[in-house]
Amino acid sequence: LKKIAIVTRDCAGVNATIRSIVRTAFKYNVDVVGVKRGYSGLIDNDFIKLDRRSVSGIINQGGTILKTSRCKRFYNEKAQQKAVANIHNNQIDGLIVVGGNGSFSAAHILATKYNIPLVGIPATIDNDINSVDISIGADTAVNVALDALDKIRDTATSLERIFIVEVMGRSCGYIALEVGLAGGCEEVLIPELDLDIDIICYEIIKGSKIGKASWIIIVAEGKAHASNIANEISKKTGLETRVAVLGHIQRGGRPTANDRILGAQLGNYAVELLIEGLKNICVCIKNNKPTHIPLNEAIKSKQLDVYSKYKLIKILT
Ligand code: F6P
């Protein structure tokens with residue numbers, strides 16, 4: 001292996017991953033190029049040489065120094081062929097893709113249809129990569145959301161109000177569930193669970209009769225808009241509600257120690273496996289040790305085990 005390229009999405013811990021890839025590759029005399037703006041750079045031949053010094057001072061930064069994009073063009077066959085030609089013309093003999101579902105499904109195409117030696121590193125705040133316990137960026141996202149929620153709680157408690165807080169998660173309730181449990185919330189609305197607004201309103205009215213005055217309800221963006229939930233609750237209970245949509249603050253921010261360590265471990269392991277000649281895999285941590293699974297297992301949809309944590313949230317309310 002002489003030269004590898006890195007394609008990234010953005011979330012906290014991705015820069016720590018890039019740093020680990022570059023410095024591990026340096027140890028083995030392997031050159032590294034970064035692909036600018038995700039798969040767009042692969043199609044447009046936009047690469048940047050990375051050396052040990054170019055990744056100095058990035059371990060604590062959120063986002064990705066390589067920039068990224070949602071590249072719909074990649075699903076066009078001609079664009080794929082251009083990307084593959086650029087890989088070959090630049091003498092790249094291994095690709096590391098750091099990202100979530102979208103990045104991985106494109107990676108799978110490159111690995112299976114075009115036989116590009118490829119290792120995936122799971123990095124997504126949604127933590128929805130199948131068979132992977134924890135993806136890079138998820139821990140920071142939960143902590144960022146939790147920090148915001150704790151601040152909202154101060155007002156919710158002082159003014160005895162109902163707050164509906166919307167967190168990210170297009171088709172997955174991971175952040176909502178974690179934040180709901182860690183933040184001591186009364187209710188969590190997620191795509192994985194049915195929503196019965198009448199039951200929620202009944203519980204609020206019942207609670208208010210015995211003196212419970214403040215509520216925090218977390219809703220994952222993929223389940224409903226916080227404003228719609230707030231309107232319905234106000235209408236049905238006659239109580240005042242407020243809405244907070246946390247949005248993209250959850251994908252940014254200073255990576256937690258866990259995300260930096262995960263990025264360091266998985267970046268290092270991905271390079272070592274590519275050097276060993278492994279391909280078409282996704283690296284992850286199991287039982288505290290780096291390991292790998294087939295990429296086609298990682299791209300299957302993940303069934304989040306929501307029931308035990310949801311039950312606990314309701315018991316602790
Ligand atoms: O996949 C991660 C994620 O942050 C989702 O939680 C969210 O729905 C989506 O990306 C937002 O995408 P964009 O930044 O392109 O609007």
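Guide: In this predicted model, helix H6 (residues 174–182) and helix H11 (residues 307–316) pack at an angle of about 30°, and their axes lie 9 Å apart.

Visitor: What makes H6 and H11 roughly parallel to each other?

Guide: Angles under 35 degrees count as roughly parallel, and the angle here is about 30°, so H6 and H11 are called roughly parallel to each other. H6 passes H11 in a left-handed crossing.

Visitor: Which residues make the contact of H6 with H11, and how do they divide by kind?

Guide: From H6 come Leu-177, Glu-178, Gly-180 and Leu-181, while H11 brings Lys-309, Tyr-310, Leu-312, Ile-313 and Leu-316. They divide into six nonpolar, one polar and two charged residues.

Visitor: How do you know whether Thr-140 is buried or exposed?

Guide: Buried means under 20% relative accessible area, and Thr-140 has a relative accessible area of 2%, so Thr-140 is buried. Thr-140 is found in helix H5 and, not counting residues up to four places away in sequence, touches Ala-12, Gly-252, Arg-254, Pro-255, Thr-256 and Asp-259.

Visitor: What makes up the largest nonpolar core?

Guide: The largest nonpolar core has 61 residues, and those with the most contacts inside it are Ile-4, Ile-6, Ile-96, Ile-121, Ile-175 and Ile-218. Its largest share, nine residues, comes from helix H5 (residues 138–159). A second, separate core has 33 residues, including Phe-74, Ala-83, Ala-111 and Ile-129.

Visitor: Why might such side chains gather together?

Guide: In soluble globular proteins, nonpolar side chains tend to be buried together.

Visitor: Which residues is Ile-121 in contact with, leaving aside its neighbours within four places in sequence?

Guide: Leaving those neighbours aside, Ile-121 is in contact with Thr-17, Ile-21, Ile-96, Val-97, Val-98, Gly-99, Phe-104, Ile-136, Leu-266, Gly-267, Ala-270 and Val-283.

Notes
Residues are numbered from 1 along each chain as its sequence is written. This is a predicted model: local features need pLDDT of at least 70, side-chain atom pairs count only at pLDDT 80 or more; totals for chains, interfaces and linings use all residues. Side-chain values use heavy atoms; hydrogens and water are left out. A nonpolar core is a set of buried Ala, Val, Leu, Ile, Met, Phe, Trp, Tyr and Cys residues joined through side-chain atoms within 4.5 Å. Buried means under 20% relative accessible area, exposed over 50%, partly exposed in between (1.4 Å probe, protein chains only). Helices (H or I, at least four residues) and strands (E, at least two) are DSSP runs, numbered from the N terminus. Contact means heavy atoms within 4.5 Å. Axes are lines fitted to C-alpha atoms, for helices over the stretch in contact, and angles run from 0 to 180 degrees between N-to-C directions. Angles under 35 degrees count as roughly parallel, over 145 as roughly antiparallel, 65 to 115 as roughly perpendicular and the rest as oblique. A crossing is left-handed if the near helix is turned anticlockwise from the far one by less than a right angle, and right-handed if clockwise. Ala, Val, Leu, Ile, Met, Phe, Trp, Tyr, Cys and Pro count as nonpolar, Asp, Glu, Lys and Arg as charged, and the others, Gly among them, as polar.
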